[in-house]
Amino acid sequence: MESHFAAGVPPLRVEYRAPELERPFGLLVTIADCSHSSSRSVTVTPPAKWRTFSRCRSDRNSLHLLAVGHLYANDATSFDVQESLKLLADAYSAAGVKGMQEAVAGGIFALIVIDEINRTIHAICDLLACMPLFYHRGRHGITLATNQLDMRGQCDVSRDACVEYLTYGYLPFSPSLFTGVERIGPGQILTVERPSAQCLESDHRLPTYPAPQDRIIDPSEACAKLDAAFSTFFSRVGDERLVAGLSGGYDSRLIAAYTRDRNRRLVTFGNPSTLEVETAEAVAAALGSSTQVFDIPGDAPSRCADDFIRGMQTLDSLEMSQVFGILDELTSRDEDYVLDGFLGGEVVGSHYFYSLLRGAEPPWRVLTATDRYLTPPQPSATYADRLASAYGRRLDLDGEARLDNEQVEARLMRMADEQLQVCHTDADMLELLSYRIRTRCVIACGPVTFLRRVSVLCPFYDKAVVTTCLSVAKALRAGDRLYNALWRRRFPECTHIPKESTGGTPHQSTFGYRATHFRNALWRRMKAQLGCGYAKAGGDVTDFVAMYCMSSQNRTLFKAALDSARDQLAAIGVRSWVEPSNSTSSLDMRRYLRLSSLALLLSS
């Protein structure tokens, strides 16, 4: 790649500094405006305690590649990050930053590229920007960070963002908790040119759907291509030690099936409100192995407070604290990689079929598998209304701390307008919106939190897997049709085991599978109405919420955080709170946990 700057211009100098007082929480890159000074350096502060921070220097091209998380290149033969960084450095030299972005095959990561000769810094996220990468334009330059808490001294706390966090338990719409701190979007490249530290942002680069008439409708063809993509992904695994969580769902059992001949350990946690343990043990037995079953400790938040502050990169609330109990178990033996099934339900099985497309097709079409999902995109306001609950996690607050619904609707409409350029149908729009919001919602409950301690492999975040699934007709993907066909083709020994959340089995007909699902869903709802069961197929977090709230160690931690953040909470309209008791409702407990988690972040 040719230099864009005149010969004789001194190159940048990269300075690395050790974190002070265990800060920053993530990678921190400071780019000063040196247009009126003699300074020509970029300061890099590596993340404290992160085990998955990698850097590579190409002396030939004077490049620094800094990666937080895990990534792999198209031509990589292994999951070793150093191998991929060297391949990406070559791609940058040959085709620039966009060519390098094309050469990334997958992973959840933030990547910083510092080009000393061209005096340019590029910041890139993964496919859907799961690994957060924030930036702030100040008076004296630009700061890049993978954790927004490292910028808290530069900006004020955003009241709107805090209320959004209390409403949903995470930030589905706001870029960060702080005013002026933005977040790089999916497929976006942020470029900073020296000496003036000018910041150039590319547009979001979203996955693109082929036209409906060009999509795959033959199950055999779809399964062959999907199997090839998964096989290529897992072929990069050598003799490394692997650990994978195994539940009753299709995503985790697919990972277990593809790695049964590898050096891997299976782990299942005993969620008391589901049939996960029974189903997981049946899957493990069918694959000729076994799974280790463990329970989640009630004091998980207080024991893992350090990881909560530094690990919950996307600010998911304490309601989902079972992630720390799972994390402790998954990393207890110091394996090389954790395998995670994040987004599998959306990517392969079209989970949106159940949660977002109700009413889009008549029930008789769904049951008889004549559903086609070819309705044209709707007005942007329609999507704001459909996604208003943000996966059912919305809690309306009392008093001053209330969400500005018009502001939320405006942000969703902007997202919808952007997606209209790559989506052909209403179902495409809903699917891509669900990808983007779900990555903001639960990613912290798995891969990103785990990535602080160990490399995480997510096969459903592989570019070839995602691209293959986007090329398959929605009618074939909806309601697990593609998944069931893949099981029958690739792993027939598992087709007799019902899916924990639906009760259906892969060897059933489409009508039989969907009828079983609807019957079981109706039965769960009836039990929930009678107060003797859960409405959600995969269980509920109610039991965990009560367990966390009743733990004396947790209560001590929560009280200290709430007392410390009292003034900040009052500024957003929260002036008092009541510590929950055994008689407190589940709703009040969830509000208390969200308030406590926000207090932990504001007082950290």
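Here are some notes on the predicted model shown above, going from the whole chain to a few single residues.

1. Overall make-up. The protein chain contains 23 helices and 17 strands. Of its 604 residues, 59% are buried. The chain exposes about 23,600 Å², and carbon and sulfur atoms supply 50% of that area.

2. Contacts along the sequence. If you take the contacts between residues at least 6 apart in sequence, 74% of them join residues at least 24 apart. Some examples come up in the points below.

3. The five-stranded sheet. Do have a look at the open sheet of 5 strands, which has parallel pairing and the order S15-S14-S13-S16-S17. Its edges are strand S15 (292-294) and strand S17 (455-457); each has a single partner strand, so one side of each has no neighbour in the sheet. On average, neighbouring strands are turned by 30° against each other, direction ignored.

4. Strand S13 (residues 242-245) runs parallel to strand S14 (residues 264-269), and 4 bridges join the two. In one of these strands, S14, you will find Arg 264 as the bridge partner of Leu 242. Helix H8 (residues 322-330) packs on this sheet, where it touches S13, S14, S15 and strand S16 (337-339). The direction of H8 makes about 155° with that of S14.

5. H2 against H23. Helix H2 and helix H23 (residues 586-602) pack with their axes 9 Å apart, at an angle of about 145°. Their crossing is right-handed. On the H2 side, the contact is made by Cys 162, Tyr 165, Leu 166, Thr 167 and Tyr 168. H23 contributes Arg 594, Leu 595, Ser 597, Leu 598, Leu 601 and Leu 602.

6. Thr 167. This residue belongs to helix H2 (residues 159-168). Thr 167 counts as buried because its relative accessible area is 2%, and the cut-off for buried is under 20%. Leaving aside neighbours within four places in sequence, Thr 167 is in contact with Arg 393, Arg 394, Leu 395, Leu 397, Leu 403 and Arg 594. One of these, Arg 594, is also listed for H23 in the contact between the two helices. The C-alpha atoms of Thr 167 and Arg 591 are separated by 8.6 Å, although these residues are 424 apart along the chain.

7. Thr 179. Further along, Thr 179 sits in the loop between H2 and strand S10 (181-183). Thr 179 is partly exposed, with a relative accessible area of 40%. Neighbours within four places aside, Thr 179 is in contact with Cys 155, Asp 156, Val 157 and Ser 158.

8. Asn 554. Asn 554 is buried, with a relative accessible area of 0%. A polar atom of its side chain lies 2.9 Å from the backbone oxygen of Gly 298. Not counting residues up to four places away in sequence, Asn 554 touches Gly 298, Asp 299, Ala 300, Pro 301, Ser 302 and Tyr 548.

Definitions and conventions. Residues are numbered from 1 along each chain as its sequence is written. This is a predicted model: local features need pLDDT of at least 70, side-chain atom pairs count only at pLDDT 80 or more; totals for chains, interfaces and linings use all residues. Side-chain values use heavy atoms; hydrogens and water are left out. Buried means under 20% relative accessible area, exposed over 50%, partly exposed in between (1.4 Å probe, protein chains only). A polar contact is a pair of N or O atoms within 3.5 Å; within protein, one must be able to donate a hydrogen and the other to accept it, and residues adjacent in sequence count only if both atoms are side-chain atoms. Contact means heavy atoms within 4.5 Å. Two strands pair if DSSP finds at least two bridges between them. Axes are lines fitted to C-alpha atoms, for helices over the stretch in contact, and angles run from 0 to 180 degrees between N-to-C directions. Accessible areas come from the Shrake-Rupley method with a 1.4 Å probe; for residues, only the protein chains shown count as cover. A crossing is left-handed if the near helix is turned anticlockwise from the far one by less than a right angle, and right-handed if clockwise.
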